[in-house]
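User: I'd like a close look at one part of this protein, and then a sense of how that part sits in the rest of the chain. Please walk me through it in plain terms.

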Amino acid sequence: MILDRPGELRRHDVPEPAAGPGEVVIEVSACGVCRTDLQIVSGDLPAKREALVPGHQVVGRRTDTGERVGVAWLHWADGTCEYCQEGRENLCERAEFTGWTVNGGYADRLVAPADFIFPIPDRFGDLDAAPLLCAGIIGYRSLRLSGVQPGQRLGLFGFGSSAHLAIQVAVHWGCEVYVFSRSGAELELAHELGARWTGGYADAPPAPLHAAVTFAPAGSVVVQALAAVAPGGTVAINAIHLDGMPAFSYDLLWRERVLRSVANFTRSDAMEFLELASAIPIRPQIETFPLDQAPEALEALAAGRVHGSAVLIVGAPERGA
Ligand SMILES: [Zn+2]
Ligand SMILES: [Zn+2]
């Protein structure tokens, strides 16, 4: 499925991709649908190449060894810059990103560097594993950067693909989770997954939060999250692209509240998270679409009709152990 121009994602037959030095070809069986894909396809986040294949939550098999692997958002980092040398390859300025700067997984096959692919724990089937690869990993990084500690009150603002996985980690850590959304169906799923309390974005939680993560791509929600955290608390923004940041009173930030973005992930985040997801075990809630219905999947996501994570079925996905 190729993005011909903003808003036009179409099926094309193209030559098989070939692996360059250090790369492997992967036969795709499943690809998760992320809100970032929606932003790239709509043009809110401009594609970085012509005729782009989107998709960065890819599960498939190496054509050389048959090993089942996952490909995620970080396609490559140079390993030599200051950020990479300090273990912060998520900030590498030369980084390439799957389904944005290079072709992704809305396709039968894709190419990825052998050093930037991850074994998938046996517990997960191909379809269940797909949303772990961005929604899961970046949600996990967001939780860590929020600084939330076991037993503390954590707010999750927006409850889509990433938040429904993050809550399972937070509950496993013993946090009290407070979920904010304007969708009744999302709040219902939040309760099923162990939320202590649910409400709308503007509702005050029963007690100030120690930390919060925002998932909704709206600056207004970030401000609402700041208003709900206690002094010294952090709001971590899990989004590549926000509609904009409204002006807000400095009182909301005063008393050492921290507002920070979460950018990409490192390979150690990915490996740590996949191991933890298998140990908990996290149970992704998925809705599947055939590959050529990617536009319909994105439309469902835009309309808030996906509960949990949307996943494209590409080849013949296998079940987990
Ligand atoms: Zn993503
Ligand atoms: Zn670098």
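Analyst: Let's start at the end of one helix: Gly43 comes after α1 and has a positive phi, near 95°. Helices here are DSSP runs of H or I with at least four residues, strands are runs of E with at least two, and both are numbered from the N terminus. This is a predicted model, where local features need pLDDT of at least 70, side-chain atom pairs count only at pLDDT 80 or more, and totals for chains, interfaces and linings use all residues. Residues are numbered from 1 along each chain as its sequence is written, chains are lettered from A and ligands numbered from 1 in the order in which they are written, and side-chain values use heavy atoms, with hydrogens and water left out.

Back to the helix itself. Six of the eight residues of α1 are buried, leaving the helix mostly covered. Buried stands for under 20% relative accessible area, exposed for over 50%, and partly exposed for values in between, using a 1.4 Å probe and protein chains only. The buried residues of α1 are Thr36, Asp37, Leu38, Gln39, Ile40 and Val41. They pack against β1, β2 (8-10), β3 (23-33) and α9 (294-302), with contact taken as heavy atoms within 4.5 Å.

Leaving aside residues up to four places away in sequence, Thr36 touches Leu45, His56, Trp73 and Ile240.

Which residues coordinate the zinc ion (ligand 1)? They are Cys34 through SG, His56 through NE2 and Cys134 through SG, at 2.0 to 2.2 Å. Along the chain, these donors follow the spacing C-x21-H-x77-C. His56 sits in the loop between α1 (35-42) and β4 (58-62), and Cys134 in the loop between α3 (126-129) and α4 (135-146), so this pair ties together parts that are 78 residues apart in sequence. Both His56 and Cys134 are buried. Donors here are N, O and S atoms within 2.8 Å of the metal (3.2 Å for Na, K and Ca); water is not among the atoms, so sites may look incomplete.

Now to β1, one of the elements that α1 packs against. Ile2 belongs to this strand, which covers residues 2-5. With 9% relative accessibility, Ile2 is buried too. Beyond residues up to four places away in sequence, Ile2 touches Glu8, Leu9, Arg10, His12, Val14, Ala51, Leu52 and Val53. Ile2 and Ala303 are 301 residues apart along the chain, and their C-alpha atoms are separated by 22 Å.

For another covered helix, look at α7 (residues 219-228): seven of its ten residues are buried, so α7 is largely enclosed by the rest of the structure. These are Gly219, Val221, Val222, Val223, Ala225, Leu226 and Ala228. They pack against four strands, namely β10 (153-157), β13 (209-214), β14 (229-237) and β15 (258-261).

Arg255 lies in the loop between β14 and β15 and is exposed, at 52% relative accessible area. Asn264 is another non-glycine residue with a positive phi, near 60°. Asn264 is found in the loop between β15 and α8, and its 14% relative accessibility makes it buried. The peptide bond from Ile280 to Pro281 is cis, with omega near -20°. Pro281 lies in the loop between α8 (267-279) and β16 (286-290).

Finally, the setting for all this. The protein chain has nine helices and 17 strands, and 54% of its 321 residues are buried. Of the contacts between residues at least 6 apart in sequence, 70% join residues at least 24 apart. Along the principal axes, the C-alpha atoms fill a box of roughly 55 × 40 × 40 Å.
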